[in-house]
Amino acid sequence: MKKKQPVAEDEEEKMSPLHASQEEESDAPVKAKRSKPDSDEKDVVYHPVKLSRSDLYRPPTAEELNQLKEAESLFHCSLLKMQMEELLKEVALSEHRKLQIDTFIQTVTKLLQTVPDSPEVEVNDLSWLSDAVKIPFLLLPKTTKGKFHMTPPASVDLIGSYPLGTCTKPRIMVDLAVTIPSDVLHPKDVLNQRYPRKRALYLAGLAQYLTSCNDIGPMRYSCLHGNRLRPVLLLTPPDSSSFTVRLHACPPPGFFKPNRFHPQRNNIRTEWYTGLQNFQSESSEPPTPHYNSSVLGDLLPRAHLQFLSAIRSQCSAFPEGMALLKVWLRQRELDQGTGCFSGFLASMLLAYLLTTHRISNTMTAYQLLRNSLNFLASTDLTVNGITLAKDPDSTAPSLAEFHSGFQVVFVDPSGHLNLCADMTACTYKHVQHEASVSMQFWDDPTVDGFHSLLMTPKPMIRTSDHVFQLCELVKLQSTCKKANLLNELMDQSGNYVDAALPFILSLLQQGLGQRISLLTHSLSPVPEWSVESEAPKHKAQPPLSFGLLLRPELASSVLERGPPADSPKAAEFRQLWGSRSELRRFQDGAITEAVLWDGESMCQKRLVPKQIIAHLLQLHADVPESCMRYMGAMVDDVIKTGNETTGEEESLLVVQAYDDLSRKLWQLEGLPLSITAVQGSHPALRYTQVFPPQPLKLDYSFFEREKVSRSLLPKEGKPCPAYVTPVTVICHMEGSGKWPHDRLAIRHIRAAFQISLGELLNKHHDYTCRPCASHLDVWKDGLLFRIQVAYHREPQVLRESMNEAGLLIVRDNEEAQALETITIHKPLLTSTLHGLQQEHPCFGAVCRLAKRWLGAQFFSEDVTEDTADLLVASLFLQPAPFTPPGSPQVGFLRFLHLLSSFDWRNSPLVVNLNNQLTATDYTEIKNDFMASRESLPVMFIATPKDKKMSLWTKRAPSVQMLQRVVIVAAESLKVLERQLMDGSQIQDVRVVMRPPLEDYDVLIHLDPKQVPLLSQAVDAPSINFSRGTRAIGKILPGGALPVIDYNPVTLYLTELRVSLTCTYGA
């Protein structure tokens, strides 16, 4: 049988550049061997090529100048150009692989030409099929009209990306079209699933014949882009699975008239589908646009390939541009599944841009990708569709008619087929959003564009702020019934998931409104099953996942204010919200419809979207809350306090108490020098303390007075008292010539100021104060503030010393650096991060989750609190390729990803606090980093005030500990994402907080009575102890001081380290 021209690109393959290099060894580049000279190779001496002076100083050629100009104008640097060139090499097929594919294609083609004939039977008669092969189709309804018989295909043609030259690794799919002979089909087969069933029967017949062939490996069925009306047969060589050949059964070109598939025509009769007698005329039948496009899609591959081949011949960079676009789509999980933005669709988009002269034929692959994303970001195909048809015939639908039947419109060159027929509006909005985000950071020289754009995977759980799943998909049958979606069910051939999905998306979009900026959904994975098995039912697919990108300022609002009571829209509002809607009078005098959701604490308010979704699905879609699995805040439980909050309210109390103390310090009179600044330096004042200090009301019966200081000590036999956290406050005094220049004298003066501050606070505000040489402890509102007086010149005095000759020497030392860190850098960092919390309300919660994980895994000594806060800050300040986290959980997942994937060896992490760094600063930081890499900390974090030293990571972590942090973070991320997305997991999400103890040689078990922070354990203890506090009530000023900053566990650990270091030097 004559082999015809290769035909249309019909399907593209899944790819991941992160794993593109994992192709079999046979595809590894073959090392070029030097030709062996006549004499032994060991006698050959290779000399460098000597260039003449004229060659050495020859001006660059025109081609070299063009390349330099291109690298300068198109790329941030030549490195980006080289990275993209290397990526293209990674995903391109090797010549060896192409030879394997061509050989297997020839084998399959010869086998298909020898398919035996079979007698003609009714379509419903499957007796000619053996039990070893099943039909890849769900026969709903059971029967339809028509005759069928097997016969060899009229032609066997290569289609898809492989003949076009745009096929890429790692998942290599080669498409092969077998043309069903015209005598098997009938012109009326477009009706009532006759053609799709014959198509499936023909594939089953081919599978039955090929099962006896030794040249074919195990065969499986699948569906093209998850469309059950378009099953395909998957073939692999018996000795390799490095590529797959996908068999498509297609009608002969022009067999069906295209006008039969107009989006407003009906090809599924209600009477046939329902089995109920129906007296409607054909003109009154509901249109079946999706069914029509499924059948029409099989008619046009040849015309599509001719069109794309012509485009490819005109644009030399077309294959490379397609490869980059595919990688971009793959990393965002947009190129596979039902209604995906497939590689075929991407190639048609590039063709549209080229034919409309939006891009030039001479552009590079880089420019093709950039302009494609720019077009996607700026063009809404859900409102204004586009068409490739230049001169469509008179029967071709208009764009308005396409929009009436489909949510997204992109018409092919014939003018009859909508290439985006199965795509939902939400999926296109997702593509548009991703393109827009990509364009925002593309030209930013401070962002690593290549890795953000093409190398960073963006799974839904790490991209969306909240994610939820519909688990029992069979319940969507009730949705179709309640929402009266019979027409949609007929159009989708009984696929109730695809029929109900647009309704559910529209419902959620309407209910969530301004609370979200984007609603996305998972693309149902393409099913694959053995040819010996029945086609999987619709309920067998994995849960349907939905992602929400929140607007933080609106998402947590507990009030949904509706229209005025007398407005025409009030009835619509009541219909949407049902019994939850009620009339309310507001402070401005207005009486409107409103819905009030439950939520007092911040962690409860964050779950208002969950309440909305559960209510709407139950009310309008008949989906009970038990079928919904909401993963928006599952990880938040590990930072919940005893009050069942996640720390926001407690942090706010600390900040308010600090603000009040600060005002009172400013107002003090009678000090020898005035106060110039009061700055907090404790993590609680930036909302990042894992468990913020809580106001304590002391139970005096638990304590007895210490004779000297009159402090409260627990009575004998009592458990260790509650831990009292000192909140550090730095109080700067003004400079004066009266300050001494001796370091010891300065300390005495500071101590005197602290005594004076304590006396004045006690006198004017009745605060209990205890001054020490290094600080002043103030008991206020049940909280302990530790005030340290600072003199701005003290670090400089510590650096000064006199040598033997009496000369003044200024030399930096650790003591000066430590004092500078405590009195200058930490307060500045706290102030800056406090501002970041005001801008991003979930910043503090992300920090608390991150530090909770670091502490649970024994890393808090290596990645300090300040370092962890800066790492989290970078997620908000440089979020590319994401948007800033909108929930604590997604921020924590990105924190783990940052730890595990950042190139700490070769790159500095730049945290641009207050947006003070310019592009020049970034370049300077990177250059200084590379020049001094060996002397710099292994984890280097640069900030606007610390560009060269990495102050916060100077002492830790070590190389070994950082390596362990990276490994544990990678494994934690993997486990946690699986726990969140897979409801069948037995473990809970706290598993990532439980460190492995098997590797330790010695385990020391502590007496729970002497562990004051026992209640903060990851797993709640079975028993708790009274630790000298009462239920909170009004706390009066004054009273005795409790034991401060006393944690036996920490003190014991410190002693243990000192002892072991002295003994073993470890």
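**View 1. L233 and its contacts in a predicted model.** Leaving out residues up to four places away in sequence, L233 touches L203, L206, A207, L210, M219, R220, Y221, V245, R246, L247 and V531; contact means heavy atoms within 4.5 Å. Residues are numbered from 1 along each chain as its sequence is written. Because this is a predicted model, local features need pLDDT of at least 70 and side-chain atom pairs count only at pLDDT 80 or more, while totals for chains, interfaces and linings use all residues; side-chain values use heavy atoms, without hydrogens and water.

View 2. Buried means under 20% relative accessible area, exposed over 50%, and partly exposed in between (1.4 Å probe, protein chains only).

**View 3. Aromatic rings.** The structure holds 23 aromatic pairs. Rings of Phe, Tyr and Trp (its six-membered ring) pair if their centres lie within 6.5 Å; planes under 30 degrees apart count as stacked, over 60 as edge-to-face and the rest as tilted. F702 and F703 make an edge-to-face pair, 5.1 Å centre to centre with 70° between the planes. Both F702 and F703 are buried. One aromatic cluster is formed by Y195, F255, F256 and F261.

**View 4. R561 over the ring of F586.** The charged end of R561 lies 4.1 Å from the centre of the F586 ring and sits over that ring. A charge sits over a ring if NZ of Lys or CZ of Arg is within 6 Å of the ring centre and within 35 degrees of the ring normal.

**View 5. R894 in helix α30.** Helix α30 covers residues 888–901 and includes R894; helices (H or I, at least four residues) and strands (E, at least two) are DSSP runs, numbered from the N terminus. Is R894 buried or exposed? R894 is buried, because its relative accessible area is 4%. Beyond its neighbours within four places in sequence, R894 is in contact with R462, T463, L875, F882, T883, P884 and P885. Between R894 and I941 there are 17 Å, C-alpha to C-alpha, and the two are 47 residues apart in sequence.
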